Each structure stands twice: as C-alpha cells, then as structure tokens.
Amino acid sequence: MARRSGSITIKKEKLLLVEGKDEIHFFGALFRHINQIDIQVEMAGGGDNFKNEIPMLVKTRGFDGLKKIAVIRDAEKKEAVNAFKSAKNSLRKALKELNESKPLNQRIKYLLPDAPGIFSSGSPPIGIFIFPDNSRPGMLEDLCLKTVEDHPAMKCVNGFYDCCQKLKNPPKNMAKSKAEAFLAAMPRPIRKTAGDGVGLAAQKGYWNFDSDHLNPLKFFLSQLA
Amino acid sequence: MFKKIKIDHFRGIAHLELSDLKKINLIVGENNCGKTSVLEALFLLINPGNSQLLGNVNILRGFPLISSEVLKISFLKSNIDKSVELEAELRDPSEKRTLRLTPSYGQNFIQNIQQEAPASGTGVTPFLGNKLKTADAVGEFTGIYFDAEIKQRQKKTRKTHSSIVLTQPNLPNSPLESRIDKDYKEIRKGSFVSSSDGSLVHRFQKIRVAKQTGDIVEVLKKIEPSLTGIETGANGLIYCDVGFENLLPINAMGGGFAKILSILTTIYDIKGGMVFIDEIENGLHHTAQESLWSAIIEAVKKFNVQIFATTHSSETVDSFGKAIKNHKEDEFRLFRIEKKEDEFDVVKYNSEDIKAIPDSDWEVR
C-alpha cells in the first residue's frame, strides 16, 4: 500500500475497512447512491497485509471511540468461510493485544460476529462481509459483473471468456479479466491506474447499483448505518 | 528500573497508569495530555524521600517565582483537598514505592520548623518527624508534606517523611526550604537532560577528569565515523577531532551533534539510573533523529540507564521505529496518552509495533 506518512486517524464513529483503492472508490460511489454518509472508509490491505495492518490500526487514535466497525474482504479462491475465519482471527488477535496494552479499567470487551454478513451483538458491533456473496469463492469484480449480467456488453465478455478458456495459459484471475473486458466494451473506457479498475468504473456509473445481487451487501451496510 | 507507575491527582492528571515500562520509553500525545507530568512523577519517585526534587521540577517547568500558587500546581487542578498519590514498581532490585503529597497549613507549622530546625545555608534541613503534622491545620497553605514508603521483598518497609516549605508564604517569591529525613539515603539516580551549553561543558569536564571520553567517542563514532576525540578548549567550548588540521567546535559539527552529546553526557553522568528527556526532538533536525536514537540505544546498553522521553514529532516516532529495527531485545515501548475530559487513556506499542510504525499509515501520536 502507498505510504501516507502515518497520518490516518479515526474521525468518524463508523468505520468500514476494505482491501484497497478499488474498494475505496467503489464504496464512495455506492454510498452516494444509497445516500449513506458518515462512514469512514479506509484501506486495510489485502491478503496477509490485513494481518499486519490491523494491529496498528486498532491502536490508532480514535479507534476506541468507534460505534460500529465493518470489514469487507475478498473470498479469493476459497469459500467465503475461510476468508471470514482469517479476518476474524486477525481482528481477535489485534483486539486482544490492544486490550492487553491498556489498564484493566480501560479495556473493552469486543465481540466478533459468528458468521459473515451479520454484526456481532457487542459494543461496538462488528461485522465482516466476504465478497462476492458471503458464500462462494470470488471477489469484488465477481459481484460487479453480476450486477451487469443482463447488459448487452456481457455477451462480448462471455465470448471473450469462452475464448480464453481454450487458451493453453488462460488468465490467472478470470474475474479481473472479465471486468476489464466489460469496461473495455464501454463507449468511453476509463483511464485506470494500478489496483483501481472496478472502483473507478463504479464512479463512472458502469455497475448497476440497483441490481438485486447487491441486496446482501446493502443489507450488511444497513446494519453499519 | 521502573516497571510500572500509577499517578493520581498530580498536576493535570486525575488518574493514569503506565505498565510494562522498558529500557527506552517514548511518550506521545497531544498538548496538555500530561506527558511532562508523567516524567516529573517518575522523577519524584526516584528519590521519594527528597522533597527538594519538587522544587527542581518546578524550575525545569520554568516557573519564575516560588509561591503558594506555584506549589499548589502539584495538586490536580491546584485543588489541595485531594492528596497526590504516586506509586511505582521497580526491578533490580524488585520494590514498590509510594509517595503521598499532602498540603500543610498555618503559621504554627512554620514556627515549629523554625524553632526546632534552623534553616541551613543549602535550604535543606533534616526533617523533624511526624509531630509536625499535628501542627495547626487551620490557616494558609504553606507547603507540602512528602510521605514515602519503599518496600522491598523480605525487607522491612522503609518510611520516610520530608517536606517543602515556603518560609515566607505571603511574599510573591518566597524562599523555599526542603526538609529531609536525616536518615534518608537514596541509591537510585535520575536526571532531566538540560540543553544549556553550560551544563553540557560541566558534564563533559567530569567525563574528561574521569578519563572516560573514549566511551562517549565510541558511541558517537556510530554517527560520525571520522571522530577520533573530543576536547575542551581554553575558552570553555567543546571541540571535536575529525581528522582535520584543526579541531572543530561542536556546534560546527551539524546533525544535532551537540544535542546528542548533551544527552549522552547526561546518560553517562547518571549511569545505572533514569534519564528524562522532555520534547526530545527540540533543537534537532529530523534527518538527525535516527542517529540520535542509535546513539541513545548504544549508550543505554553501555551505561545501563532507563530512558523516558516525550515527543510531538512524527519524525521522531518514525526514526525510533527505524533505529530499533535490527534490535531483537524487547526493551522498547511507546505510550500514547489520550486525555478525554477528565479521563486519561493509554495505548501501548510494544517493540514489534514500534518497528512497524515507519511503514504504517495509521497515526501513532
């Protein structure tokens, strides 16, 4: 992740932790669409970065003033339950260390959620959502593509996908390739930067934020509101 | 070495605890969160039977006059109705120390002292015992009692009493007297780092007389490898030998060399004790800060001292993390004090956390 000189503090009472820049832009656009404000969205890194980032994050100024905390991660190649357990373990470890660093009277009893998509009953409530749907393998790109499955350009994307499947060395991350193919089929292609494709596309309005496929995510976010 | 400190009703602090203190401790936090007060509380607990230390910390704070108002500042919000309670756990040897500061009132208190213990030229006289506490408790605030207990395992608890007294409390700048238990003897040492040139030269001269400048040069060589010696000139200035035809005045060395030497000479002076450095970044360019920490780490090992420093600077915090990167021993802590109305929260960063700071996006201060 890009270094920002240790300057991030928690300023709002609700925090959404996402993996990277793509998600920051995606949720910026989605929150505007569903008229949800007052949620601080921050990057906590993907993969192992999350495990390394979270101990510093929970100790930063303002963390103990949070009223609600949400974490959104990609399932990647395994079922969502694996990413859920991994995120939960990283949080548990970091919060335990945070409490151990404080005098007894300042410790907070954090409760973690039992399943992805729902918030814990503790104070602050903590929720973990796993892309694309809290169940299957995949990532943000899979969910974005689902929202446009009826778009005419998807025929081009599916044709591209079928063709790729016949290659001796097909793309390693098919969801990313398909998302890029979809965006390439748009009338005005976006000028993307590294690690930021579907996020900028969300800002341009290329994903269908009214799709029913976003309902589980919207339900999760409604618990954060 | 301090392991833990608990502070109640001292200066601006209602209640604060710092535990798991290590060899080098850096305290961060916003203005008026109590960082300097923590250093002062630790300083008082080094010699809890020596009330004169309170006068010393008031001078360090820069209070221009000694008056009852200045003495009252030791108490939370200057409210002398609640006593100051300081408590510390130490190791090597393991012991527990408590220090209670309570106000003394009334003319009788002073008269008793003057009759029974004429003031010495040093302003420090033996303490006369508990009977002073039975003095008239009606009247004006005239000073502070220090009641200390030092408890070591399998040893009898040592109790000492001392006081600090305004001999003429009605004056805007009263003479101040400390009265210390005549049997009180302290074995621990502690000092604040003074940045004045005069005290640096004085400390350096002591090191020269003890023929120990080689130890200091050895630590400073890590910052300036060409350094072969440090000397004092006839004009009282300190000069460095870096292989040029002439010696270089220390202030011409750049990189905060004089500041680093000031800290090192204090560490040397206080061998085996505790050194306090308030706003450690003062007078030091941020590019020199990693060198400063490297020198401190080296000196702490060599001279076995415990360091307590405060800072506002993110560069200082980052450079602390960089400087300890290759040190495996768990001897570093960073504490952030957060003042929330009358509450004080503490967040502790252990050695591994501190090493992660330079690469982290999250604010530590």
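**Note on the predicted model: a helix pair, cysteines and chain B**

1. In this predicted model, the axes of helix α4 (residues 140–147) of chain A and helix α6 (residues 174–184) of chain A come within 8 Å and cross at roughly 40°. That angle makes α4(A) oblique to α6(A) (under 35 degrees is roughly parallel, over 145 roughly antiparallel, 65 to 115 roughly perpendicular, the rest oblique). Axes are lines fitted to C-alpha atoms, with angles from 0 to 180 degrees between N-to-C directions. Helices are DSSP runs of H or I with at least four residues; strands are E runs of at least two.

2. From α4(A), E141(A), D142(A) and L145(A) make the contact. α6(A) supplies A175(A), K176(A), K178(A), A179(A) and F182(A). Contact means heavy atoms within 4.5 Å. The contact residues divide into four nonpolar, no polar and four charged.

3. Over all chains, the structure holds zero disulfides (cysteine sulfur pairs within 2.5 Å). C156(A) is in none; its nearest cysteine sulfur, in C163(A), is 13 Å away. C156(A) is also exposed, at 51% relative accessible area. For C163(A), the closest cysteine sulfur is in C164(A), 5.9 Å away and too far for a bond.

4. Chain B has 10 helices and 17 strands. Of its 365 residues, 55% count as buried (under 20% relative accessible area; exposed is over 50%, partly exposed in between; 1.4 Å probe, protein chains only). Among chain B contacts between residues at least 6 apart in sequence, 67% join residues at least 24 apart.

5. Residues are numbered from 1 along each chain as written, chains are lettered from A and ligands numbered from 1 in written order. Local features need pLDDT of at least 70, side-chain atom pairs count only at pLDDT 80 or more, totals for chains, interfaces and linings use all residues, and side-chain values use heavy atoms, without hydrogens or water.

How values were computed
Nonpolar A, V, L, I, M, F, W, Y, C, P; charged D, E, K, R; others polar.
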